[in-house]
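Please open the model in your viewer, with side chains displayed, and follow the stops below in order.

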Amino acid sequence: MKKCPKCQGTMVFERAVDMQAGLVIVVFACLNCGLRLEAEKDPKPVTSA
């Protein structure tokens, strides 16, 4: 698990979706303070699985 640089809480992967632009970005989100850090450099297009 990754530790939050702000509060030392647990960070988990979270997927943010922009349906109008059709893009997905993956971020690390802190469960304690809510801080979000990007996990990937560029957003990816939404695709069906």
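Start by selecting arginine 36, which at 48% relative accessibility counts as partly exposed, a term for residues between the buried class (under 20% relative accessible area) and the exposed class (over 50%), computed with a 1.4 Å probe and protein chains only. Before going further, please keep in mind that this is a predicted model, in which local features need pLDDT of at least 70 and side-chain atom pairs count only at pLDDT 80 or more, while totals for chains, interfaces and linings use all residues. Residues are numbered from 1 along each chain as its sequence is written, and side-chain values use heavy atoms, with hydrogens and water left out.

**Salt bridges**

Arginine 36 lies in strand β4 (residues 36-38) and glutamate 14 in strand β2, so the pair ties together parts that are 22 residues apart in sequence; strands here are DSSP runs of E with at least two residues, numbered from the N terminus. Glutamate 14 is itself partly exposed, at 29% relative accessibility.

The structure holds two salt bridges, and to see the other pair, select lysine 44 and glutamate 40, whose side chains meet at 3.5 Å, N to O. Lysine 44 is partly exposed at 46% relative accessibility, and glutamate 40 is partly exposed at 24%.

**Strands and hairpins**

Next, colour strand β2 (residues 10-18) and strand β3 (residues 23-30), which run antiparallel and are joined by eight bridges; two strands are taken to pair if DSSP finds at least two bridges between them. Alanine 16 stands opposite isoleucine 25 in β3, and in the hairpin of β2 and β3, which has four residues between the strands, glycine 22 takes a positive phi near 75°.

Leaving aside neighbours within four places in sequence, valine 12 is in contact (heavy atoms within 4.5 Å) with Val27, Phe28, Ala29 and Leu31.

Select cysteine 4, whose nearest cysteine sulfur, that of cysteine 33, is 3.8 Å away; cysteine 4 is buried, with a relative accessible area of 0%. For cysteine 7, the nearest cysteine sulfur is that of cysteine 30, at 3.6 Å, and cysteine 7 is partly exposed at 27% relative accessibility.

**A surface patch**

Finally, show the surface and select Val17, Met19 and Val46, which form a nonpolar patch with about 300 Å² of accessible area together. Patches are made of residues with over 30% relative accessible area and no salt bridge, with like charges joined within 9 Å and nonpolar side chains (Val, Leu, Ile, Met, Phe, Trp, Tyr) within 5 Å, and accessible areas come from the Shrake-Rupley method with a 1.4 Å probe, where for residues only the protein chains shown count as cover. Valine 46, in the segment after β5 (44-45), is partly exposed at 40% relative accessibility.

Key. Salt bridge = Lys/Arg side-chain N within 4 Å of Asp/Glu carboxyl O. Disulfide = S-S within 2.5 Å.
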